[in-house]
Amino acid sequence: MPDLINNPPQIDWVVLLPHGIVLALALLTLIYTMFTDEGTERNIGLTVLSLVGYVGAIIVALALNGRYQTTFAGMAKLDDMAVFLEVTLLAAALLTVFISATTVPAMRMPLGEFYTLLAFSTLGGMLVAATVDLVMIFVGIELSSLSVFVLAAFAKRQRESIEAALKYFLLSAFATAILLYGMAWTFGITGSTNLPEISTRLTTYQDH
């Protein structure tokens, strides 16, 4: 077994560069909201910041197309499928910004918090797209799921929004329990959370 403490694996941060941009966007929108006064100028600044962030992440992701590598001890990967899924998620987030730029303020909801939750939800989906490890899949799903749960209840003055959030929470809790049970069962059978390693060991078991 490799000694990860004395000989840590080399980390290639370029694999998760689009994720870093979206994480920075989430933090920047949150900080910008905290230190600026509410009004039209702040909403315009938040919208421009979000558009620049998502467009930049898309450009970086497309520039990484054609590269095949893993990092973080094999937990994160970069390939054409990961790039395709990341660009799809980023494009969806970009369209959401266009739609919500005027819709969210018109409904008297805070635009800054909305953009922050949108960025974290997008980041969760991108983590799932760029990993081959069950632990990171769970982390990505939960990050996205919790953000979507809050977004479902974002219009807190509307009964339908609260009802949707409650239903989503109950279904999400049930689904999380099933997911964790499946992951624990898989780890118990194979002794690994790495998807390629799981596939190899299951194939070996079937051959025997």
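User: Which residue forms a salt bridge with Lys167, and how far apart are the closest N and O atoms?

Analyst: The general idea comes first. Side chains of opposite charge can pair when their charged atoms come close. In this predicted model, Lys167 pairs with Glu163, and the closest N and O atoms are 2.9 Å apart.

User: Where do Lys167 and Glu163 sit in helix α6?

Analyst: They are 4 residues apart in α6, so about one helical turn separates them. Lys167 is partly exposed, at 48% relative accessible area. Glu163 is also partly exposed, at 39%.

User: How many salt bridges does a search of the whole structure find?

Analyst: The search finds 3. One of them joins Arg201 to Glu197, with the closest N and O atoms 2.7 Å apart. These two residues lie 4 residues apart in helix α7 (residues 195-207), so about one helical turn lies between them. Arg201 is partly exposed at 28% relative accessibility. Glu197 is partly exposed at 30%.

User: What does Asp79 pair with?

Analyst: Asp79 forms a salt bridge with Lys77, the closest N and O atoms being 3.3 Å apart.

User: Is Lys77 buried or exposed?

Analyst: Buried, because its relative accessibility is 15% and the cut-off for buried is under 20%.

User: Now helix packing. At what angle do α5 and α6 pack?

Analyst: Read the angle between N-to-C directions. Helix α5 (residues 134-152) and helix α6 (residues 159-190) pack at about 170 degrees, with axes 9 Å apart. Angles over 145 degrees count as roughly antiparallel, so α5 and α6 are roughly antiparallel.

User: Which residues meet across α5 and α6?

Analyst: From α5, they include Ile137, Phe138, Ile141 and Phe149. From α6, they include Tyr168, Phe169, Leu179 and Met183. By class, the contact has 13 nonpolar, 5 polar and 1 charged residues.

User: Next, the largest nonpolar core. Which residues touch the most other members?

Analyst: Again, the general idea. In soluble globular proteins, nonpolar side chains tend to be buried together. Here the largest nonpolar core has 32 residues, and Val22, Tyr54, Leu90 and Tyr115 touch the most other members.

User: Which elements each supply at least two residues of this core?

Analyst: They are α1 (17-34), α2 (40-63), β2 (76-78), α3 (80-106) and α4 (111-129). Helix α4 gives the most, with 8 residues.

User: What is Tyr54 in contact with, leaving aside neighbours within four places in sequence?

Analyst: Tyr54 contacts Leu25, Leu90, Ala93, Leu94, Val97, Tyr115, Leu118, Ala119 and Thr122.

Technical notes: Residues are numbered from 1 along each chain as its sequence is written. This is a predicted model: local features need pLDDT of at least 70, side-chain atom pairs count only at pLDDT 80 or more; totals for chains, interfaces and linings use all residues. Side-chain values use heavy atoms; hydrogens and water are left out. Axes are lines fitted to C-alpha atoms, for helices over the stretch in contact, and angles run from 0 to 180 degrees between N-to-C directions. Angles under 35 degrees count as roughly parallel, over 145 as roughly antiparallel, 65 to 115 as roughly perpendicular and the rest as oblique. Contact means heavy atoms within 4.5 Å. Ala, Val, Leu, Ile, Met, Phe, Trp, Tyr, Cys and Pro count as nonpolar, Asp, Glu, Lys and Arg as charged, and the others, Gly among them, as polar. A salt bridge is a side-chain nitrogen of Lys or Arg within 4 Å of a carboxyl oxygen of Asp or Glu. Buried means under 20% relative accessible area, exposed over 50%, partly exposed in between (1.4 Å probe, protein chains only). A nonpolar core is a set of buried Ala, Val, Leu, Ile, Met, Phe, Trp, Tyr and Cys residues joined through side-chain atoms within 4.5 Å.
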